[in-house]
Amino acid sequence: MKLIIDESRCKGCNLCTLVCPYKIFREGSRLNEKGIVVPEFNGPERCTNCRLQKLYGRRLCGMCQLTCPDQAIKWVEEERFEDMKVVIEY
Ligand code: SF4
Ligand code: SF4
């Protein structure tokens, strides 16, 4: 699972940066095209939901998602790697 912020919904309130126990969100540094500074990730692979949600079959923290007033935080399936095809030419 992969943590994402939906930039079309985020209003840059930074509540997520306050509630995450692992400080996985931090204040952003650039304006997007809507003039909003969306938070950035700081080591999102440390998120218990990203790492362990599938293994345990349930949500393990989710404080950021519960707190976000705009439903901008979600987890998506990561794309599987395509099998590598190697062509050897003689
Ligand atoms: S809590 Fe939601 S709306 Fe606020 S900055 Fe975080 S993602 Fe954006
Ligand atoms: S689910 Fe919990 S640990 Fe993961 S980013 Fe959200 S608040 Fe942080």
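A residue counts as buried if 20 or more other C-beta atoms lie within 10 Å of its own, exposed if 12 or fewer do, and partly exposed in between, with C-beta atoms placed from the backbone. This is a predicted model, where local features need pLDDT of at least 70, side-chain atom pairs count only at pLDDT 80 or more, and totals for chains, interfaces and linings use all residues. Residues are numbered from 1 along each chain as its sequence is written, while chains are lettered from A and ligands numbered from 1 in the order in which they are written.

**View 1. Leu3 and its contacts.** Leu3 has 18 C-beta neighbours inside 10 Å, so it counts as partly exposed. Beyond four places in sequence, Leu3 is in contact (C-beta atoms within 7 Å) with Phe41, Pro44, Cys47, Cys50 and Trp75. Leu3 and Ile73 sit 70 residues apart in sequence, yet their C-alpha atoms are 7.3 Å apart in space.

**View 2. The shell around ligand 1.** Here 13 residues surround ligand 1 (C-beta atom within 6 Å of it), and Cys10, Cys13, Leu15, Cys16 and Cys68 are the closest. This shell splits into nine nonpolar, two polar and two charged residues. Look for Cys10 too: leaving out residues up to four places away in sequence, Cys10 touches Ile5, Ile36, Val38, Asp70 and Ala72.

**View 3. The shell around ligand 2.** Ligand 2 also has 13 residues around it, the closest being Cys20, Cys47, Cys61, Met63 and Cys64. You'll find ten nonpolar residues and three polar ones in this shell, but no charged ones.

Conventions
Ala, Val, Leu, Ile, Met, Phe, Trp, Tyr, Cys and Pro count as nonpolar, Asp, Glu, Lys and Arg as charged, and the others, Gly among them, as polar. Two residues are in contact if their C-beta atoms, placed from the backbone, lie within 7 Å.
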